[in-house]
Amino acid sequence: RNPVIRAFYERLLAAGKPKKVALVACMRKLLSILNAMVRDNRAWDVLKGQITATSA
């Protein structure tokens, strides 16, 4: 459902990667994004599709 991850997945499939390889790459990318969000205390901006600063 995430448009950023979906575009990454579709780009991998278009490059000829097997579906399972593309799925695992997306999982790894999502974990990296989530780790950075926790580390930097930031939130995901759904409208922009990127990490934004939180106001705390």
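Author: A charge sits over a ring if NZ of Lys or CZ of Arg is within 6 Å of the ring centre and within 35 degrees of the ring normal. The model is predicted, so local features need pLDDT of at least 70 and side-chain atom pairs count only at pLDDT 80 or more, while totals for chains, interfaces and linings use all residues. Residues are numbered from 1 along each chain as its sequence is written, and side-chain values use heavy atoms, with hydrogens and water left out.

Reader: What makes the charged end of Lys29 count as sitting over the ring of Phe8?

Author: The charged end of Lys29 is 4.8 Å from the centre of the Phe8 ring. The cut-off for that distance is 6 Å, and the pair is therefore listed as a charge over a ring.

Reader: How many helices and strands are there, and what defines them?

Author: The protein has 2 helices and 2 strands, in the sequence pattern α-α-β-β. Both kinds are DSSP runs numbered from the N terminus: helices are H or I with at least four residues, strands E with at least two.

Reader: Which residues of helix 1 are called buried, and why are they said to line one face?

Author: Buried means under 20% relative accessible area, exposed over 50% and partly exposed in between, with a 1.4 Å probe and protein chains only. Ile5, Phe8 and Leu12 are the buried residues of helix 1. They fall within an arc of 60 degrees seen down the axis, so they line one face; the arc is that of the directions from the helix axis to the C-beta atoms. Pro3, Arg11 and Ala14 are exposed on the other side. The buried residues pack against helix 2 (19-40), where contact means heavy atoms within 4.5 Å.

Reader: Why are the buried residues of helix 2 placed on the same side?

Author: These residues are Ala22, Cys26, Ile33, Ala36 and Met37. They cover an arc of only 105 degrees around the axis, which puts them on the same side of helix 2.
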